[in-house]
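Morning, everyone. Please look at the screen while I talk. I will go piece by piece.

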Amino acid sequence: MSQEPTYTAETSYEMPTPRPLRQSNIVRVLRYTLTRGFSLFLTAAIAVYITILIANMGGYVDEIMKGLIEENLTLMTKEGWLKDVPPDEKLRIIDETRQAMYEAEGLTQPFLLRSLRWLKNGLTLNLGESRIFVSLRYGNDSSLVRDIILDNLPRTLLLFATANVLLFMGSVWAALIVSRRPGSLLDKVFITLSPISSAPPWFYGIFLILIFAVQLRLLPYGGMYGTDPAETKEYGYALTILRHMILPVSAIFLSGFFQSMYAWRTFFLIYSHDDYVEMAYARGLPNRVVEQRYLLRPALPSLLTSFAFLLIGSWSGSVLLELVFDWPGMGLVFFNSIHLFDTPVIVGFTIIYAYLLALTVLLLDIAYALVDPRVKIDFTGRARDVRKGGGIRAALRNFARTGRVEKAPRARIKPDLPRSLRHWRENIRESLRAFVRTMREIASYPSAVAGLLIIVLLVSISIYISATTSSEASIRIWRGQDYDWSENPQLVPPAWINFFRRDDLPETIVLDSRNGGAEEKTVSSEQGMRREEMRFFIHYNSPGGFPQDLLVVAFPVFESKPSFVSLTLIAPDGKETPLTSFIVEKKTSYYLAQDKKMQRKFGSLHPERILFSDGNLENPAPNLGAYQLLVEVVHFEPNADVEIRTILQGQVHGWAGTDMRRRDLGLPLLWGMPIALLFGLLAVTATTIITMIIAAIGTWFGGWVDALVQRLTEVNMILPLLPVLVMVAVFYSRSIWLILGVTILLSIFGSAIKNYRAIFLQFRELPYIEAAQSYGAGSWRIIFRYLVPRILPTLIPQMVTLVPGYVFIETSLALMGLGDPSLPTWGKILRDAYDNNALINGHYHWVLEPLAFLLVTGLGFALLGFALDRIFNPRLREH
């Protein structure tokens, strides 16, 4: 039986006192900070210039400058300038002054020079005044864009800094705990929950509002200060702000906690099997000491990198989170400026988001310099080429010296067609065997099987919908051009909720005389008039509520004399209630709930409830039974006719319910599926493949090629993706194909390029690469035949995992009102629900159904991606 280790005076361990930072280290950190800061400033300047170029390609920055000039001219005129000048001369002088100011501001210069001139204004946020917003900074009203930004920036920093610090500390702490006992119940629970972090913060924010604000009423819906003075008096100013921060901070925490914890748990488990860690445990050191000194320190650079990526992603996602929680920060002002088309504010906030990303990268680099002494300053950032010959740089120098390009000798291989065919067949067989092995390994992971089944189901439904219904037809139906939505009930949940209710809500009943839905008979026919009766038998047997409305639609057929129709409702006890009468000159619809005469007659805004109740006005209950709608028609022509369609609109409808315009939500839910999958799959495939190829080219050739790729990557990382997409959608077009192209372009030079570069640097030194060079293989053959195929297996899990992120990008733009106006999507549903306060008004199906589709899509790809990562990465299988 093992005994607990005992500690004596010789064997006890005491934490060493931290040594002060050496002067040389301080100088090193300061020098690194200054150098890196200057480099990032140049990078940020390039990013700001690109932002200005994007905005000014449509002339919007020009309009800002022209607006400033016109404001100055107007102000000068009001202050008495040219007061005694004749009107004609005054107009001439104003035109000349305007032209001179245009020339002074560079408005007459070429486009590129003009945009470069305004870089200074962009860097200093000197973008003029807002047409809509006013800042109360320092107690003075100001419409300057700079003041508006600086007024809202602290509130955004307060929210996101607090949330991300808590996220970082909580994830590291949880990762350390579960890494102590891998395979335990707690570890399995966290691993199982890790895929739910594939959704952005605003997604979880909606659920948190629904649970804690709408249902439980424990926390406020949103805002920062509250509108109830009693709340501030009860909790105090600081506690009131903290109370309003709970839900948005929790949303940010949930969106990143499980995935961060899973990644950092993996780091700790990998490091825990190193020899020096096992030696520390063998010495009897406590877990706390081993974790602090031997696990956290080696993993700290990786932890800081992951934390920086979390911050970078959170800055871009702040717009929608602040919109959902009505948080008075930059994101909410940015969103409002989009819909009010306040161009200076849109450009200014895009620039400040770039500054925040640059500051995040700078803080990460400083932290690296503090925790990792191996970090060295390399301002040029050029990769050192370890291969002989110097790559492209050496080839260019040789060409400049000799005037010719020397090529490496290549082995001449005589074509052997039978041998090539055999080799091709062997490759196919090996690929099939590898595929079978992979599928067997996937079958051993229940999460992978579940994720694969979800993806197959989503793809199958998408293919079926795309094959059976054209997008043009669906768009016309959704817009009401080829379908009349007026017969559907308004804002009702799906019919399947009756499975969870004791008393069923009434469903819609449709009876049509054209298909035998009514008993018809001719009462009389004399002197050119013909009287007919139609009886519609409505079996109303739903005790859970009243019908929403009774709709009667008349379709007339006549030559010159229209028919006359009267309606009477007969209750189960035989009581008759005349409803209305009218002449049918064209297709006519009668809504009982909107009949003003019936409302005045019963003294209620809901006459349909009175007519279908038991007569108890204080506490009415549905009166169940067989109702009759008697339709009496008088025709004045022998060939005249009227067909009647009767709809008793219920409180549930279909499998998805309806929206404010009575449209069936099943259409955008189904058609949003192929749109979301197509956007996500195309974006992931194009981005990943192009990024991988660029990283391979830069790594192999090295020198200025690698330096150029790295500089482009740094510039692109500072460009905020979502705000730039917003600028493109607002200033140019909201076409989904344009948004997809810009998304791919901005994602190519992302952080993944650095990860691929690190892998390719290791592959480049492997023996088979040297063997390929010795056989005379060219650079491009080595890149595409030896480097790229080697990394392909690791790409598959990453591609699968990244799909939900791009799906949420398209949904986020649609939620902001910037989706493709011609397509019914999940984001469009959420946007309509937000505009109509669906959560507050209790129309939960309007919000939860698109969120459920997003959740299932993200969960399916995340489950499969995490399992594939463990399959293709042998080091993860052990943990």
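In helix H2, these residues are buried: Tyr-60, Val-61, Asp-62, Ile-64, Met-65, Leu-68, Ile-69 and Leu-73. Buried means under 20% relative accessible area, exposed means over 50%, and partly exposed is in between, with a 1.4 Å probe and protein chains only. Helices (H or I, at least four residues) and strands (E, at least two) are DSSP runs, numbered from the N terminus. This is a predicted model: local features need pLDDT of at least 70, side-chain atom pairs count only at pLDDT 80 or more, and totals for chains, interfaces and linings use all residues. Residues are numbered from 1 along each chain as its sequence is written, and side-chain values use heavy atoms, with hydrogens and water left out.

Back to H2. The helix covers residues 60-78, 19 residues in total, and reaches 27 Å from its first C-alpha to its last. That is close to the 27 Å expected at 1.5 Å a residue; the expected span is 1.5 Å times one less than the number of residues. Just after H2, Gly-80 has a positive phi of about 105°.

Leu-125 is at about 60°. Leu-125 sits in the loop between helix H5 (119-123) and helix H6 (145-180), and counts as buried at 7% relative accessibility. Phe-341 is at about 50°. Its loop runs between helix H14 (330-339) and helix H15 (343-371). Phe-341 is partly exposed, with a relative accessible area of 33%.

Now the sheet. It is open, with five strands in the order E2-E3-E8-E5-E6 and antiparallel pairing. Two strands pair if DSSP finds at least two bridges between them. Which strands are at the edges? Strand E2 (519-526) and strand E6 (576-584), as each pairs on one side only. Neighbouring strands are turned by 15° against each other on average, direction ignored. Those axes are lines fitted to C-alpha atoms, for helices over the stretch in contact, and angles run from 0 to 180 degrees between N-to-C directions.

Look at strand E8, residues 625-635. Eight of its 11 residues are buried, so E8 is largely enclosed by the rest of the structure. Strand E3 (residues 529-540) pairs with E8 over 11 bridges, and Tyr-540 has Gly-625 in E8 as its bridge partner. E5 pairs with E8 over seven bridges. There, Leu-567 stands opposite Val-631 in E8. In E6, the bridge partner of Leu-567 is Thr-580.

On to charges. Side chains of opposite charge can pair when their charged atoms come close. The structure holds 18 salt bridges, each a side-chain nitrogen of Lys or Arg within 4 Å of a carboxyl oxygen of Asp or Glu.

Arg-98 and Asp-95 make one, at 2.8 Å, N to O. Both lie in helix H3 (residues 87-104), three residues apart, about one turn of the helix.

Asp-512 and Arg-645 make another, with the closest N and O atoms 3.1 Å apart. Asp-512 is in strand E1 and Arg-645 in strand E9 (residues 641-649), so the pair ties together parts that are 133 residues apart in sequence. Where are these two, buried or exposed? Asp-512 and Arg-645 are buried. Salt bridges that share partners join Glu-487, Asp-512, Arg-514 and Arg-645 into one network.
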